[in-house]
Amino acid sequence: MFSRSIKAALVAAMCLAGPVPAAASDLGAAIVGGIIGGAIVHGANKPKKRYYKSTSSRRTSGVSSAQREENRMTQTALNYFGFNAGGADGVMGSRSRAAVSQYQAHMGWPATGHIQSHEREMLHSFYSRAQVGGPEVVKAMQRNPQGVRSLLTAWRDERMGITGSRSGTGYAGLPMEVSDVVDEIADSSEPSAEQLLQRAGFIQMADLNADGRNDYVIDTSVTGSSFWCGQSQCAVMVFASGPNGYARNDFRYARNAQLTNTASPAMFQCHQAVCSMDDPLSGGDVQMAAAPAPAPSVPIAPPVAATPAPATSLAALPMAGAAPADQPSLASYCSKVSLLTTSNGGYVTAASMTDPDLALSEQFCLTRTYAIAQGEEMVKAVQGMTEAQVEAQCDSFGPALAPYIEMLSDTPAAQVVPQVQKFVLGANMTVEQLQGTGAICLYTGYRRDKMDVALGAALLLTGAGQTPYAELVGHHLAQGFGVERSDAQAEGWYELALSALDGGATPVFVPGQPERAELLRAALSGESAGLTPVPAPQTTALPSFSLK
């Protein structure tokens, strides 16, 4: 008995003498991938902490590191969509639960404050999709009273296959009814929807019913499609604004023998959403080919109010312009350049250069390859979107930035860049989002040989602060891909990129080769020991053979 008492006393004394240290380490935060200005990866291992046992009771959260990181992602997404969850500390406290309740109520779910697995998955997926940016996100920020929060229900309905609640705007801010018809025409004609939108006269705007809102005239005579515009008649669609959105009025007008006349807003008179057409050839009203489409069951928000254009105005969309015919393929061009590079034993250097054009062409194709490789890795990190969906988002960059692309051939870089920067400032997206979106769309543009997308993305990146991308704009101007060739204007963009590198900017292409700047400078100035005059190539028609 005495022995047991001594042992008990010794044990008690040891407990009172001091705590016994016990080493413990946190496994670290899980990696959260997102596309914000590129594939930015958040998460780092937490420093080790030392805990001590105590006789007093110790309260623990009981939340694993992985769960805490998932909570941080949830809080970050809630804050992005306007549900104030406070700081993203990984602890779902009262403020975070209130934000969850608001999110659940917005989505039409029971507002319990405790997020369910499917609710969390949808929130995280839509947050990652929003970080890709693109015109859909920009339009939601600029035009919808709920901002990016409106994307939650729109993308929810898209995932669930609900099509009856479409509202808002489509291509380049067009009403959805107009965008749907653009797709309808593109499905049965050679040009794509984006190419049609770039054709002058395809869509014209005017206030036809004097209600202070733009109405739209779609003329199919510029499509080149015999389905929509034959030898004697062409289809034209008029969209007049009404209390429930835009109503479609279909007409056909007779073409003259020379096939020169086209439709114009002056040919139509509208009362509310019902229109009639005065045929300039016959001098009388033309019957509608089809009754106006019924108004959608869900009211569609009108576009931002604009100053009404007179009925005789041929005001075109901001991105309107003659579509370039038979655009050369940069992919094919780079294949030939690669063949020359191989036959010459490697890339041209500043010391070995004899042909500045070949040197610049090699660097153009090198930057294209680098942009494709970089963007491909970024696209893999995009969550909640397929590559086809990413491409669809990026395809709208060409039309969105077309006004600035049109300036390139005759406007100095010093005047174009500030205009692009204004576009960037008005985009209501973070710089990181813009840079990430630009890099991804640069990849999709080059990979699919879509020069308007690639060139628009290069301009966006330059305007968003990554000035070394101006080199790409210089290459496009020097070689004439996606824009009319202009050596004089190209030089300004090259100098813009080189000046940024001289000022300490981080290279965006092949950062391990700092001698690239020296090579570009030598090619632009012609200062090379081995440089000899190169005769200008003669334009001749070469035979073409098809091999089986």
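In strand E10, Met277 is the bridge partner of Phe268, in a predicted model where local features need pLDDT of at least 70, side-chain atom pairs count only at pLDDT 80 or more, and totals for chains, interfaces and linings use all residues. Residues are numbered from 1 along each chain as its sequence is written, and side-chain values use heavy atoms, with hydrogens and water left out.

Strand E9 (residues 268-271) pairs with E10 in the antiparallel sense over 4 bridges, where strands (E, at least two residues) and helices (H or I, at least four) are DSSP runs numbered from the N terminus, and two strands pair if DSSP finds at least two bridges between them. The two strands form a hairpin with 2 residues between them, and Gln272 in the turn has a positive phi of about 55 degrees.

In a regular strand the side chains alternate between the two faces of the sheet.

## Thr462 in helix H15

Thr462 lies in helix H15 (residues 451-463), and this residue counts as buried because its relative accessibility is 3%. Leaving aside neighbours within four places in sequence, Thr462 is in contact with Thr467, Tyr469, Ala470, Trp493 and Leu496, contact meaning heavy atoms within 4.5 Å.

## Helix H18

In helix H18 (residues 515-525), the buried residues are Arg516, Ala517, Leu519, Leu520, Ala522 and Ala523. These buried residues pack against helix H10 (356-380), helix H16 (470-479) and helix H17 (487-502), and H18 is followed by Gly526, whose phi is positive, near 75 degrees.

Terms used:
Buried < 20%, exposed > 50% of the residue type's maximum accessible area, 1.4 Å probe, protein only.
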